[in-house]
Amino acid sequence: MKVVFASGNTGKVREVSQMLAPLHWQVVPQSQLFDEAAAETGLTFVENALIKARFACAKTGLPAIADDSGLEVAALGGAPGIHSARFAGADATDSSNIDRLLAALQAVPPDQRQASFYCAMVFLRHAEDPTPVIALGRWNGEILQARRGEHGFGYDPIFYVPSEGCTAAELPPERKYQLSHRAQALRSLVTQIQDLQQQGLLRH
Ligand code: IMP
């Protein structure tokens, strides 16, 4: 079966294709099929993932998978949340987002800097699918006071993972790929889809 993945990010497309290998689906990045981007008007990661998947289904007539992810910081009431990519403004870069977050947390002591990366990953059979498969992943950590490490992207250099004793940017990429919010959500998505297939509810 052919499935659209509602992202043009090549790293993500590779991760998703690898994880979905057991399903024997052909995962096609939406950038190969159309150019427009869905307006992410939802207030939660789940809503935005559904909006992106529904848009890709409507554009292509194919089933679609979409994800939405970001960082939530307890001391900031869950911010930057769904605004993670643009926390420092419309022209934000990974570096300016980190600077803004470090500034916002300047007065917050080390024992109150808990945070998590969160990922919603959804699968829709078609644009009007009333029973989307919804998979969630959460990766817990703490926000450091300065950057450490060169790998990864986004907030990885300031996201300390206590169980590993280093930041996400210091982890070998293969290790991050096992632990991350996205990996957790993808594993759950595959399990749920396999269950549906076994029950004869997904005939592909
Ligand atoms: P998106 O789901 O690709 O739109 O990601 C939104 C934003 O969340 C990214 O631009 C990053 O700032 C942040 N983010 C999501 N996943 C990660 C991650 O694995 N590491 C670091 N930052 C992340």
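## About the model

This is a predicted model, in which local features need pLDDT of at least 70 and side-chain atom pairs count only at pLDDT 80 or more, while totals for chains, interfaces and linings use all residues. Residues are numbered from 1 along each chain as its sequence is written, and side-chain values use heavy atoms, with hydrogens and water left out.

## Paired strands

Helices (H or I, at least four residues) and strands (E, at least two) are DSSP runs, numbered from the N terminus, and two strands pair if DSSP finds at least two bridges between them. Strand β4 (residues 114-124) pairs with strand β5 (residues 133-143) in the antiparallel sense, over 10 bridges. Strand β5 is also joined to strand β6 (residues 159-161), again antiparallel, by two bridges, and here Glu 142 stands opposite Tyr 160.

## Cysteines

A disulfide is a covalent bond between the sulfur atoms of two cysteines. When it is counted as a pair of cysteine sulfur atoms within 2.5 Å, the total comes to zero. Cys 57 is in no disulfide, since the nearest cysteine sulfur, that of Cys 119, is 17 Å away.

Buried means under 20% relative accessible area, exposed over 50%, and partly exposed in between, with a 1.4 Å probe and protein chains only. Cys 57 is buried because its relative accessible area is 4%, and Cys 166, at 12%, counts as buried too.
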